[in-house]
Each structure stands twice: as C-alpha cells, then as structure tokens.
Amino acid sequence: MSLAADFGVTLTQHVLGNQGHHPEARGQFSALLTQIGVAGKLISAQVRRAGLIEIWGATGDTNVQGESVQKLDQIANDTFIEVLRRSGCVAVMASEEMDDVVVVEPELAGDYVVAFDPLDGSSNIDASVSIGTIFAIYPRTSPRGEASAADLLRPGREMVGAGYIVYGSSTVLTYSAGETVDSFTLDPASGEFFLTRADIQMPQRTRVLSLNECNGPYWEPWVDAFLADIKGRNDAEKRRVTSRHIGSLVADFHRNLVKGGLFLYPVDKRTGRGKLRLLYECNPLAFLAEVAGGAATDGGRAILDVPVDTLHQRSGLVIGPSEDVQLAERLYRA
Ligand code: AHM
Ligand code: MG
C-alpha cells in the first residue's frame with residue numbers, strides 16, 4: 001500500500017474535487033474556500049494560546065516578546081480580513097467586529113463577497129469553552145471595482161457557500177457549496193484539515209434541545225407551547241430529548257448538526273428583536289442546515305428568505321430538524 005493511501009482526503013483536495021459543480025467559478029471559489037481554511041488554521045493557533053494572550057494582555061498590552069497584545073476577537077477579525085483580502089477572490093467583506101464593510105482594493109478584488117463572524121461565542125473565551133468562526137459567501141453582483149455594502153444586503157437564498165470553523169476539543173471546519181455538507185478535522189501534527197464527516201445529514205427528529213432558558217419570561221407564548229411539546233416527548237418515549245447548551249451558537253450548531261439537535265434564540269417580546277445577527281450568524285448556518293436536510297426559521301419565514309436591510313440586522317432563530325422547525329412555524333402562526 002502506498003503511503004498516500006494511509007491519509008484521508010484533505011480540505012484542498014475536497015474543494016478541488018467539487019469544482020465541477022461551479023464551472024462558472026472555476027478557480028476563484030475553490031481558492032477562496034482553501035484560503036478560509038488557512039485563516040482557520042491561523043486563528044486556531046491563536047485560540048490555543050488564548051489563556052496566555054489573556055494573561056499577557058492583562059499585564060499591560062505587551063507580551064513576553066514586547067509585542068502589543070490584541071484581544072482574541074480582534075486578532076481573529078484581522079486575520080480573516082487579511083487572508084481574504086490577499087486571496088484575490090473577494091471584493092467586499094462584512095464582519096461582526098466592524099460597523100462598516102471592508103472594500104478590497106481594485107488590484108486584489110475578486111468575484112465573491114463574504115460576511116463573517118470572526119469569533120462567535122467570544123464571551124466563552126476566558127473559560128476555555130468552544131468558540132468558532134462563521135462565514136457566508138455570495139457572488140459579487142456589482143460591476144468590477146464598484147463593490148459596496150449593497151453586494152451583501154440580499155437574502156441568504158443567494159448564498160453560494162457557507163461554513164464555520166469550531167475551535168473546540170479539536171478544530172473542525174465544516175462547509176457546503178450547496179450540494180453536501182462536509183466536515184474536516186485539523187490534524188495538529190501535519191497542519192492539514194482531513195475529511196472526517198462526509199455528506200452530513202441532520203437527523204429528522206430532535207434529540208437535543210439547545211437554548212438559554214433564562215430568557216423564558218421574555219418570549220412570546222408560542223415558544224412555551226413549542227418547548228412543552230418537545231419536552232413532553234420524554235415521558236412518552238423515555239428520555240428521547242436531552243438538553244445541551246454551550247452558549248456559542250457555532251459550537252451548539254455543530255453538535256446539533258451531528259447529533260440531531262434544535263437550537264433556538266427567539267425574539268425578545270420587550271424589544272421585538274432577536275439577538276443573533278442575520279447576515280453572518282443565522283444565514284450561513286441556515287444554509288448548512290437546509291443542505292443537510294434540516295431547516296431554519298425566524299418563526300414566520302425561512303431564515304434564507306428574510307430580507308437583509310442592514311449589515312448587523314438581528315433575527316429570531318429556530319434551527320434544526322425540519323419537522324420541529326415546521327412545528328415552530330405552525331405554533332408561531334397560530
Ligand atoms: P457573539 O457573536 O457576540 O459571541 O454573540 C452571539 C452569541 C451566540 O454564540 C450565542 O448563542 C449567544 O450569543 C448567547 O447569548 P446569551 O448569552 O444571551 O444566551
Ligand atoms: Mg457571534
């Protein structure tokens with residue numbers, strides 16, 4: 001047996017193998033996905049030093065080498081922007097960390113636009129809990145050299161790719177270009193992402209329930225009815241549903257994708273708004289959920305059909321097995 005046969009499929013091999021599905025995008029789309037993998041490795045290396053960064057930061061903004069110390073979410077943001085800017089594939093980017101878009105200079109601008117949350121779940125960093133990066137990819141619609149925020153203000157349905165990287169007990173990159181959802185684990189020894197879950201299918205019934213129940217007093221009545229239905233199944237079917245909540249959407253979603261879990265963060269009835277951001281949190285995960293056979297709704301509409309009016313627009317979110325997302329929609333409308 002050749003040595004190569006002992007290795008798995010790398011992220012780059014997988015992306016190149018899928019190029020045929022996007023003939024119009026040959027090259028740039030694949031390059032973009034592989035560069036996102038590079039950004040993920042760089043951020044992962046920093047996340048693994050998070051505790052040290054915290055300590056260095058606390059001692060006066062310089063590390064032991066005398067370099068100034070940034071917060072980890074700022075490091076992740078700068079890394080993602082710089083890698084994508086240099087990739088030559090991206091014309092404009094929006095980040096949770098920035099009020100306005102980053103327009104790439106014309107010499108480097110490419111055919112795609114990307115929205116991302118560089119470090120989702122950042123309140124979990126100082127407790128060494130799983131966090132992650134979420135990204136959404138759209139084709140540029142503006143003429144070359146004229147990219148702007150308008151390229152990103154469009155429904156999630158127009159996405160051509162999405163994914164996330166979870167920095168957990170291992171670093172996992174999951175992406176979809178619309179056909180399948182595939183997941184890769186970073187091998188720290190070789191620095192490669194290897195395919196570890198191919199064509200992930202979200203189980204159709206909820207086995208895991210994932211939400212911040214302390215917000216219960218601020219939910220609309222349909223949420224209580226919905227949760228009562230799901231929890232009520234335990235009596236009838238002997239503990240078929242269990243509760244798991246990390247408080248990092250990206251890590252909660254990854255677990256739910258693999259195990260068949262439902263995550264919800266409903267609208268707060270006092271403000272009429274959800275907490276999570278449509279463009280770079282709800283939309284990319286909704287894209288992955290749908291490709292994997294699941295679904296995502298804000299209650300009244302599929303997340304991917306919600307008009308995007310502003311970069312940092314918030315939304316209610318129910319995401320997971322499609323049967324139960326449909327149940328949420330029925331109860332919401334009732
Ligand atoms: P962040 O992007 O600033 O980290 O905020 C989003 C996070 C999600 O990852 C998580 O699901 C949610 O906020 C938790 O919010 P709460 O503490 O209100 O339950
Ligand atoms: Mg976030």
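Trainee: At what N to O distance do the side chains of Asp268 and Arg270 meet in a salt bridge?

Mentor: The model is predicted, with local features needing pLDDT of at least 70, side-chain atom pairs counting only at pLDDT 80 or more, and totals for chains, interfaces and linings using all residues. Side-chain values use heavy atoms, without hydrogens and water. A salt bridge requires a side-chain nitrogen of Lys or Arg within 4 Å of a carboxyl oxygen of Asp or Glu. For Asp268 and Arg270 the N to O distance is 2.6 Å.

Trainee: Which residue forms a salt bridge with Glu96?

Mentor: The closest N and O atoms of this pair are 3.3 Å apart. Glu96 lies in the loop between β1 (90-95) and β2 (102-103), and its partner is in strand β12 (residues 276-277), 181 residues away. Strands here are DSSP runs (E, at least two residues) and helices are runs of H or I (at least four), numbered from the N terminus. The partner of Glu96 is Arg277.

Trainee: In which helix do Asp229 and Arg233 both lie?

Mentor: The side chains of Asp229 and Arg233 form a salt bridge, with N to O at 3.0 Å. Asp229 is partly exposed at 35%, whereas Arg233 is buried at 11%. The two residues are four apart, about one turn, in helix α5 (residues 221-237).

Technical notes:
Residues numbered from 1 in each chain as written. Chains lettered and ligands numbered in written order. Buried < 20%, exposed > 50% of the residue type's maximum accessible area, 1.4 Å probe, protein only.
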